[in-house]
Amino acid sequence: MANIHIPKAWENKSLKPTGEETYLNRRRLIKDLGILSAGLLSGSALLSCEKEERQNPVTVIREPNDFIFDGMETFYPATRNSDFSIDRPLSEEIDATGYNNFYEFNAPGDPDIKAIHQYVDFFDTRDWTIEVSGLTEMPGTYHLGDLIQQFGVEERLYRHRCVETWAMAVPWTGFPMSTLIDFLQPKETATHILMKTANRPEEMPGISYQTWWPWPYTEALELGEARNEVTFIATGLYGKPLLKQNGAPIRLVVPWKYGFKSIKSIVSIEFVNSQPATFWNATVPQEYGFVANVDPGVPHPRWSQASETDISTGERRNTLKYNGYGEQVAHLYE
Ligand SMILES: Nc1nc2c(c(=O)[nH]1)N[C@H]1C(S)=C(S)[C@@H](COP(=O)(O)O)O[C@H]1N2
Ligand SMILES: [Mo]
């Protein structure tokens, strides 16, 4: 491997555009949703600060994932757990994998920050490990393959609601977070679980130019929330290992909270004894609370949260309190 220059994602101009039609459809959808993404955070103003001439390769990546461990493919597709079905049709796979939010891969000069799949090629998800530390009986470095082999995986259908008001419904594959927590045996003094995303400017173009954000991306849950039956660790989507734009190879899924809580590409887990600082909450606390439960009755300071737009159908529908998971989670907040 020595002496091989690996070009950064934004240096690679040789990729050929494919999937133009999908791209055009998506552009139309994005236009419909335009006001939302344009208004996302003060970041949109900052985004224009460094413009760079580049051709965007237009690809929707649906190829198999990078190697994670021998035999990974035998875990997909997984058996569906019928306790977690939903009231609405699933989003199209091409929309859930082509319309994303992942700030680490926002690219300089790209006005369309949803087409994350264009910038993920150099993100290396092979041989993934997770470092576990803090108030736990089981600190150490765990190989993702070992965790999947130990816990097994199942499929669950979940709604997803982004704080920017777009929404989808998708089949995740993975294991309950409670299974992982039971295995890691937090000490009695632990109150929260803190997670961090990979911080690799060489592979993630968004990190190297958005220097104003407090990388790495971090998120946290109170332990009762983390142990709730709904809280899921996803390693797959649509019956296949996760694609990079969706947070490969392992991410959190907390569907009763706004999407930013569902941290992607997790490299570390720490058990702590107080509410930790998290990426969006620390940066823009007046707009992004720590708890961040989906609530149509509580508007974002800059827009209503009463309704949402489906990324596949463009349908506008009313947002449900706790995104429809009240039966399972409301007791946590009483
Ligand atoms: N590390 C990291 N995780 C992240 C984000 C991010 O920018 N970085 N975006 C969040 C937001 S705002 C949403 S809505 C979801 C989007 O997940 P999806 O792209 O798989 O739909 O990922 C969340 N997880
Ligand atoms: Mo989001």
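**Figure 1. P77 and its cis peptide bond in the predicted model.** P77 is found in the loop between α2 and α3. The model shown here and in the following views is predicted. The peptide bond leading from Y76 into P77 is cis, and its omega is near -10°. Most peptide bonds are trans.

**Figure 2. The cis peptide bond at P216.** Between W215 and P216 the peptide bond is cis, with omega near 0°. P216 lies in the loop that runs between α6 (205-209) and β6.

**Figure 3. Salt bridge between R88 and E308.** The closest N and O atoms of R88 and E308 are 3.4 Å apart, and the two residues form a salt bridge. R88 belongs to the loop between α2 (43-47) and α3 (93-96), while E308 is in strand β11 (residues 307-310), so the pair ties together parts that are 220 residues apart in sequence. R88 and E308 are both buried. In the whole structure, a search finds 16 salt bridges.

**Figure 4. Salt bridge between E154 and R156.** In this pair, the closest N and O atoms are 2.6 Å apart. E154 is buried, and R156 is buried as well.

Figure 5. E225 and K257 form a salt bridge in which the closest N and O atoms are 2.7 Å apart. The pair links distant parts of the chain, 32 residues apart: E225 is in helix α7 (residues 223-227), and K257 is in the loop between β9 (251-253) and β10 (266-272). Both partners, E225 and K257, are buried. Elsewhere, salt bridges with shared partners join D87, R88, R159, R161, E308, D310 and R317 into one network. Two members of this network, R88 and E308, are the pair that forms a salt bridge at 3.4 Å.

Figure 6. Of the six residues of strand β5 (residues 192-197), five are buried, so the strand is largely enclosed by the rest of the structure. Strand β6 (residues 218-222) pairs with β5 in the antiparallel sense over five bridges. Within this pairing, K196 has T218 of β6 as its bridge partner. β5 and β10 also run antiparallel and are joined by six bridges. Here the bridge partner of H192 is V272 in β10.

Figure 7. N228 is placed in the loop between α7 and β7 (232-237). Its relative accessible area is 5%. Because the cut-off for a buried residue is under 20%, N228 counts as buried. The side chain of N228 reaches the backbone nitrogen of V230 at 2.9 Å. Leaving aside residues up to four places away in sequence, N228 touches W256, Q328, V329, H331 and L332.

**Figure 8. Positive phi at D127.** D127 is found in the loop between α3 and β1 (129-134). Phi of D127 is near 50°, a positive value in a residue other than glycine. Most residues other than glycine have a negative phi. The relative accessibility of D127 is 48%, so this residue counts as partly exposed.

**Figure 9. Positive phi at Y322.** The loop between β12 (316-318) and α9 (326-329) holds Y322. Y322 is not a glycine, and its phi is positive, near 50°. With a relative accessible area of 12%, Y322 is buried.

**Figure 10. Residues around ligand 1.** There are 18 residues around ligand 1, and those that come nearest are N100, Y103, E104, R251 and K264. An oxygen atom of the ligand is 2.7 Å from a polar backbone atom of Y103. The side chain of T197 has an N or O atom 2.9 Å from a nitrogen atom of ligand 1. For N246, a polar side-chain atom lies 3.0 Å from an oxygen atom of ligand 1. Ligand 1 taken alone exposes 540 Å², and the protein buries 99% of that area. T197 is also one of the residues in the range of strand β5 (residues 192-197).

Methods:
Residues are numbered from 1 along each chain as its sequence is written. Chains are lettered from A and ligands numbered from 1 in the order in which they are written. This is a predicted model: local features need pLDDT of at least 70, side-chain atom pairs count only at pLDDT 80 or more; totals for chains, interfaces and linings use all residues. Side-chain values use heavy atoms; hydrogens and water are left out. A salt bridge is a side-chain nitrogen of Lys or Arg within 4 Å of a carboxyl oxygen of Asp or Glu. Helices (H or I, at least four residues) and strands (E, at least two) are DSSP runs, numbered from the N terminus. Buried means under 20% relative accessible area, exposed over 50%, partly exposed in between (1.4 Å probe, protein chains only). Two strands pair if DSSP finds at least two bridges between them. A polar contact is a pair of N or O atoms within 3.5 Å; within protein, one must be able to donate a hydrogen and the other to accept it, and residues adjacent in sequence count only if both atoms are side-chain atoms. Contact means heavy atoms within 4.5 Å. A residue is near a molecule or strand if one of its heavy atoms lies within 4 Å of it. Accessible areas come from the Shrake-Rupley method with a 1.4 Å probe; for residues, only the protein chains shown count as cover.
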